[in-house]
Amino acid sequence: MVAPATPRPSRILPRASHSHSQPAAVGLASDRAAAATVSSRRRRNFVFVVNPSGANGRTGNQWKQLLPHLRTRFADQCDICECITSAPFDAIDITREAVKDGADAVIAVGGDGTLHEVVNGFFCKGSPVHALDQGPDHSTALGLIPLGTGSDFARTFGWTNDPHEAIDRIVRGVKSKLDIGMMEGPDGNPHYFVNVADIHLSAKAGYFSSMYKRFGNLCYVFGALRAFWGHSNRDLRIKVNGGEWKTIRKVTALCIGNAKYFGGGMKITPTADPFGGDLEVVILQDFKWHDFLLKLHRLYGGTHLSVNGVSSIRVQSIEVAEKEVSADIFVQSDGEHFGFLPTKFSVLPGAVDFFC
């Protein structure tokens, strides 16, 4: 099924058919047997949200080649609903409708941006989305087939961009409760992230790198070079877990990790655990451009926590604001531009079932 650019129907999945009447079961034992038969025969509904323009169009081409294999692997298990995005935020709307329709799983097919939108579709106005026609025990699982440019979230688990391996994981059906990060800007509207949110230089670099996606992973290099132009380290204020405000001097970047990697493979929050119930905050202070050149290998290898000017803390929540308000310090989440400071970040432990 393809999601067009025009307003889509309110439902992603069809309602169950009741057109064939069944003879009344005789006796309690017959009722139980009939219920067990229906339950055992129930086919699950999996919705695959595909960004065809991901990785400069490679995602769409790979998906077309993958679909026959996918249908074969899932033939005896579930019905496949294919939803193709055609514009920004499509994946959010598709996911919300799928969850409301009672889908058993929504699978993001693409990169970190597609996954980011799908995760945001599990929530609406600050609350989880629930199925309209299912019982309270029903939940929709989240899955991922990483086919994007960076696929940084998948790196935390050591996954490659091999879609066949991803399908095998989903077929096995092993799930864990995944933490989700939540962030609130000045307007108070909640937004969600699954990988890494970040502030100042790295967020500015991410903003500019999105303009160079046609160059593949080189987009991160070009984005960083442009972000350094005119950059200055800034004093920020932070409030950890609702405590007192504290000033952090000459901040170059502040990163909040639910998972470990960002920027095309940089292990920026190396001890973050997306099942651990908290967030890792890594702060880089008073870095110059030559510091990045000399220490880049440590940032990519995740061995930078012992470097001078680098600190790490674990939090359930952190508020970040400017020492002197200028409203020009960038904030991003999962590589997507969010806005500017001030912003509050917090964790929702075990918020979504995740195929892993």
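Trainee: At roughly what angle do the axes of helix α3 (residues 90-100) and α4 cross?

Mentor: This is a predicted model, in which local features need pLDDT of at least 70, side-chain atom pairs count only at pLDDT 80 or more, and totals for chains, interfaces and linings use all residues. Residues are numbered from 1 along each chain as its sequence is written, and side-chain values use heavy atoms, without hydrogens or water. The axes (lines fitted to C-alpha atoms, for helices over the stretch in contact, with angles from 0 to 180 degrees between N-to-C directions) of α3 and α4 come within 7 Å. Their crossing angle is roughly 40°.

Trainee: Which residues of α4 meet α3?

Mentor: Helices are DSSP runs (H or I, at least four residues; strands are E, at least two), numbered from the N terminus. Contact means heavy atoms within 4.5 Å. On the α3 side the residues are Asp90, Ala91, Ile92, Thr95 and Arg96. In α4 they meet Thr114, Glu117, Val118 and Asn120.

Trainee: How do the residues of the contact of α3 with α4 divide by class?

Mentor: Ala, Val, Leu, Ile, Met, Phe, Trp, Tyr, Cys and Pro count as nonpolar, Asp, Glu, Lys and Arg as charged, and the others, Gly among them, as polar. For the contact of α3 with α4 the division is 3 nonpolar, 3 polar and 3 charged.

Trainee: Is helix α2 (residues 58-73) roughly parallel or oblique to helix α6 (residues 163-172)?

Mentor: The axes of α2 and α6 are 11 Å apart. The two helices pack at an angle of about 20°. That angle is why α2 and α6 count as roughly parallel.

Trainee: How many nonpolar residues are in the contact of α2 with α6?

Mentor: From α2 come Leu66, His69, Leu70 and Arg73, which meet Pro163, His164, Ile167, Asp168 and Val171 in α6. Of the residues in the contact of α2 with α6, 2 are polar and 2 charged, and the nonpolar count is 5.

Trainee: How is helix α7 (residues 201-209) set against helix α8 (residues 218-228), oblique or parallel?

Mentor: The axes of α7 and α8 come within 7 Å. They cross at roughly 125°. The angle therefore makes α7 to α8 oblique.

Trainee: What is the class make-up of the contact of α7 with α8?

Mentor: Leu201, Lys204, Ala205, Phe208 and Ser209 make up the α7 side. They meet Cys219, Tyr220, Gly223, Ala224, Arg226, Ala227 and Phe228 in α8. By class, the contact of α7 with α8 has 8 nonpolar, 2 polar and 2 charged residues.

Trainee: What separates the C-alpha atoms of Tyr212 and Phe222?

Mentor: Tyr212 is in the loop between α7 and α8. Leaving out residues up to four places away in sequence, Tyr212 touches Cys219, Phe222, Gly223 and Arg226. Tyr212 and Phe222 are 10 residues apart along the chain, and their C-alpha atoms are separated by 7.2 Å.

Trainee: What is the phi of Asn241 near?

Mentor: Asn241 belongs to the loop between β10 (234-240) and β11 (245-257). Most residues other than glycine have a negative phi. Asn241 is not glycine, yet its phi is positive, near 50°.

Trainee: What is omega near for the peptide bond from Leu341 to Pro342?

Mentor: Pro342 sits in the loop between β16 (336-340) and β17 (343-355). Most peptide bonds are trans. The bond from Leu341 to Pro342 is cis, with omega near 5°.

How values were computed: Parallel < 35°, antiparallel > 145°, perpendicular 65-115°, else oblique.
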